[in-house]
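This report covers the salt bridges of one protein model. The sequence and coordinates come next.

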Amino acid sequence: ALPSMTNLTTLILQNNELGPEGARALAGALPSMTNLTKLELHGNHIRAEAGRAVAETLLSMPSLTKLDLGFNYLGAEGGRAL
């Protein structure tokens, strides 16, 4: 459903316990959401590997101006990827 929401500008999924698998699935949907300006993934137990997947999609999201990944477990590796 998310990939078809191309006009969505704000996506707030705070504290939903997405975990690494959910974050990777979301990363797969994000490139089609070219109008997204705000993405909040605060407190979702996202780890370094899934953080890298999210980071890789950011290059295809030119409209994104706010990204919140606070209170996840990205570590240094995930931080470097971002």
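The text below takes the charged pairs one by one and then the exposure of their residues.

The model is predicted, so local features need pLDDT of at least 70 and side-chain atom pairs count only at pLDDT 80 or more, while totals for chains, interfaces and linings use all residues. Residues are numbered from 1 along each chain as its sequence is written, and side-chain values use heavy atoms, with hydrogens and water left out.

The structure contains four salt bridges (a side-chain nitrogen of Lys or Arg within 4 Å of a carboxyl oxygen of Asp or Glu).

R24 pairs with E49. R24 belongs to helix α1 (residues 19–29) and E49 to helix α2 (residues 48–58), so this bridge ties together parts 25 residues apart in sequence.

R52 and E77 form another salt bridge. It links R52 in helix α2 to E77 in helix α3 (residues 75–81), 25 residues apart.

E40 and K66 also meet in a salt bridge. Strand β2 (residues 38–40) holds E40 and strand β3 (residues 66–68) holds K66, so the pair ties together parts 26 residues apart in sequence. K38, E40 and K66 are linked in a salt-bridge network.

| Pair | N to O distance |
|---|---|
| R24 and E49 | 3.6 Å |
| E40 and K66 | 3.3 Å |
| R52 and E77 | 1.9 Å |

Buried means under 20% relative accessible area, exposed over 50%, and partly exposed in between (1.4 Å probe, protein chains only). E40 is buried at 7%, whereas K66 is partly exposed at 39%. R24 is partly exposed at 33%, as is E49 at 48%.

Methods
Helices (H or I, at least four residues) and strands (E, at least two) are DSSP runs, numbered from the N terminus.
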